[in-house]
Amino acid sequence: MALSYREKSLYASLLAELVVYSSYFVLRRQNSVDKVAAMILAIIVLQIVLQAIIALFSRNRVTDERDRLIELRGYRAGYLTFATLMVMGLALLWFHATFGHLPINNGKFGLHFLSVFFGMLVIADIVKTATQIVTYRRAL
Amino acid sequence: MPAIRNRIRELRAAREMTQQQLADQVGVTRQTVIAMEQDKYSPSLETAFKVALALGVTLEQCFQYEPRGKR
């Protein structure tokens, strides 16, 4: 399986996303602002390290119009996922707030809000990267 | 089946050119050349012209358009 530079880069991104974000889903009961900030920092550091390693071992780092087209398809899939989850997330928050499970004046509301929206970003990001990988494997 | 077919593989083989050599001349990745040869990717007009130029043929000799309804 011959992989282009962009494909290798995408596999590294997906690996970093799954490794870092899995803690979000596994430890979701202990969510906090600090944990979200640490995850964002971890994903940035891991991405820089992995991308640097790939760039170091890739002789040919050409990207072309097909790469850009596949990138756009990935972003479209990610956006549609994010938009869908946003509507569902807002409905969920409204439901909780309306039926008294999660009072808006409660301090937990902010954290719950942050968790839900960070989760959406995580899922949308993974969908974006996975879509790009699948599109590459299908040739287009 | 795609509406745009091409003879890249045949023309490239006739010139004993590798996929990587063609990719380098056109300025695309080898994977894009593979995708084009397999008719899985229709390039932009600019890239199509570059491919034809690299293979030393006209655009029509390299790419053929077959409207979907006419096959």
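## Confidence of the prediction

For the complex, the predictor gives an ipTM of 0.84 and a pTM of 0.81. In chain B the average pLDDT is 91, and 93% of the residues score at least 70. Within chain B, confidence is highest in helix α4(B), at a mean of 96, and lowest in strand β1, residues 4-6, at a mean of 90.

## Chain A

Chain A contains 4 helices and 0 strands, so that reading along its sequence gives the pattern α-α-α-α. Of the 140 residues in chain A, 18% are buried. If one takes the contacts in chain A between residues at least 6 apart in sequence, 83% of them join residues at least 24 apart.

## Chain B

Chain B has 5 helices and 2 strands, and from the N terminus on its elements follow the order β-α-α-α-α-α-β. Its radius of gyration is 12 Å, which is close to the 11 Å that the globule rule gives for 71 residues, so chain B is as compact as a globular protein of that length. The C-alpha trace of chain B spans about 35 × 20 × 20 Å along its principal axes.

Buried residues account for 28% of the 71 residues in chain B. Among the contacts in chain B that link residues at least 6 apart in sequence, 57% join residues at least 24 apart.

## The largest nonpolar core

In soluble globular proteins, nonpolar side chains tend to be buried together. In this model the largest nonpolar core has 15 residues, and those with the most contacts inside it are B:V26, B:V51 and B:C62. Three helices of chain B, namely α2 (19-26), α3 (30-37) and α4 (45-55), each supply at least two residues of this core, and α4(B) gives the most, with 4 residues.

## Where the chains meet

The two chains are in contact through 8 residues of chain A and 11 residues of chain B. On the side of chain A that touches chain B, the residues divide into 4 nonpolar, 1 polar and 3 charged.

Notes. Residues are numbered from 1 along each chain as its sequence is written. Chains are lettered from A and ligands numbered from 1 in the order in which they are written. This is a predicted model: local features need pLDDT of at least 70, side-chain atom pairs count only at pLDDT 80 or more; totals for chains, interfaces and linings use all residues. A residue is buried if 20 or more other C-beta atoms lie within 10 Å of its own, exposed if 12 or fewer, and partly exposed in between; C-beta atoms are placed from the backbone. Two residues are in contact if their C-beta atoms, placed from the backbone, lie within 7 Å. Ala, Val, Leu, Ile, Met, Phe, Trp, Tyr, Cys and Pro count as nonpolar, Asp, Glu, Lys and Arg as charged, and the others, Gly among them, as polar. A nonpolar core is a set of buried Ala, Val, Leu, Ile, Met, Phe, Trp, Tyr and Cys residues joined through C-beta atoms within 7 Å. pLDDT is the predictor's confidence in each residue, from 0 to 100. The radius of gyration is taken over C-alpha atoms; the globule rule is 2.2 Å times the number of residues to the power 0.38.
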